[in-house]
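I opened my notebook to look up charged pairs and nonpolar cores. The entries follow in the order I made them.

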Amino acid sequence: MVNIVKMSAGAIDEAAEVIRAGGLVITPTRTQYNLICDAFNADAISRVFEVKKRTKFGPLTLSIADPATTADYVTVPAWVEPDALTRLWPGELTAIFWKACDLPAGFTMGYDTLGVACQGASPLEDIIRAAGRPVGATSANISGQGDIFVDLDKAVADIGTGVDLIIDYGRDTAGATSDSAVKANTIIDLTFDRPYLVRGGIYPVGRVQTVFPDLDPDSDAYKARLMERVEQVRARAVGA
């Protein structure tokens, strides 16, 4: 049975209760519909992967409500200016850092990096604040479909029966009206010696460049550096 409730203050409170109890919620965000869970509940995280039928690499994103809490979960590079994150957030942007908190291994699929997002005013933010904790977030659809736009109908059809609560906010999300080819968060990586663009999305790359003028927008260059790092890790593992 699919449990759908219309957006309201009561729905936010109910969603927060579900999250605290280790359940799964489908909620609208500023971009599209997401599947969320308690970021520190290993069983809930496992359920997310089961519901999405995820078999490939695809860690969850840590969604927070306040940029000031970023350092509670990740290591912010010394070369990042103190006000950089508050200039970037809130907004439809995910930034990848080195993880600095004790998340269940499944959240990052064993990797030491962690994507963090702070979208701002939205039902997602309301749930995070009401639950009193960050959430793990991912698109509310079956894995392996690429960077598609996930609206309410798609979310319900794909995974609606596998979650505990769905919040119906209609189709009023940024992704529904955006001209961006990818109707999701823009992603940058801050784990190298300079920022890299991982994926373009709704958040304007030009806005990122006002904070990080040296942002490398070449995603192929990023992939090359990432693969170089992966190969080094593999080589060390073999040598050990």
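Entry 1. I looked up Asp-158 in this predicted model and found it partly exposed, at 21% relative accessibility. The cut-off for buried is under 20%, so Asp-158 at 21% does not count as buried. I then looked for a partner and found that the side chain of Asp-158 meets that of Lys-154 in a salt bridge, 3.2 Å from N to O. Lys-154 is also partly exposed, with a relative accessibility of 25%. Both residues sit in helix α6 (residues 152–159), and because they are four residues apart there, about one helical turn separates them.

Entry 2. I noted the general point that side chains of opposite charge can pair when their charged atoms come close. How many salt bridges does the structure hold? I wrote down eight.

Entry 3. I looked up the salt bridge between Arg-225 and Asp-193, where N and O are 2.8 Å apart. Arg-225 belongs to helix α9 (residues 219–239), while Asp-193 is in the loop between β10 (186–189) and β11 (196–199), so this pair ties together parts 32 residues apart in sequence. I checked the accessibility of each partner. Arg-225 is partly exposed at 29%, whereas Asp-193 is exposed at 56%.

Entry 4. I turned to Arg-133 and found a salt bridge with Asp-38, with 3.1 Å between the closest N and O atoms. Which parts does this pair tie together? Arg-133 is in the loop between α5 (123–131) and β8 (135–139), and Asp-38 is in strand β3 (residues 33–38), so the parts joined are 95 residues apart in sequence. Is Asp-38 buried or exposed? I recorded Asp-38 as buried, because its relative accessible area is 7%. Arg-133, at 28% relative accessibility, is partly exposed.

Entry 5. I moved on to the nonpolar cores. The largest has 46 residues, and the members that touch the most others are Ile-26, Leu-35, Leu-114, Ile-188 and Phe-212. I listed the elements that each supply at least two residues to this core: β3, α2 (42–52), α3 (84–88), β6 (93–99), β7 (113–117), α6 and α8 (205–211). Which element gives the largest share? I found that α2 does, with five residues. Another core lies apart from this one and has 18 residues, including Val-5, Ile-36, Ala-131 and Ile-167.

Notes: Residues are numbered from 1 along each chain as its sequence is written. This is a predicted model: local features need pLDDT of at least 70, side-chain atom pairs count only at pLDDT 80 or more; totals for chains, interfaces and linings use all residues. Side-chain values use heavy atoms; hydrogens and water are left out. A salt bridge is a side-chain nitrogen of Lys or Arg within 4 Å of a carboxyl oxygen of Asp or Glu. Buried means under 20% relative accessible area, exposed over 50%, partly exposed in between (1.4 Å probe, protein chains only). A nonpolar core is a set of buried Ala, Val, Leu, Ile, Met, Phe, Trp, Tyr and Cys residues joined through side-chain atoms within 4.5 Å.
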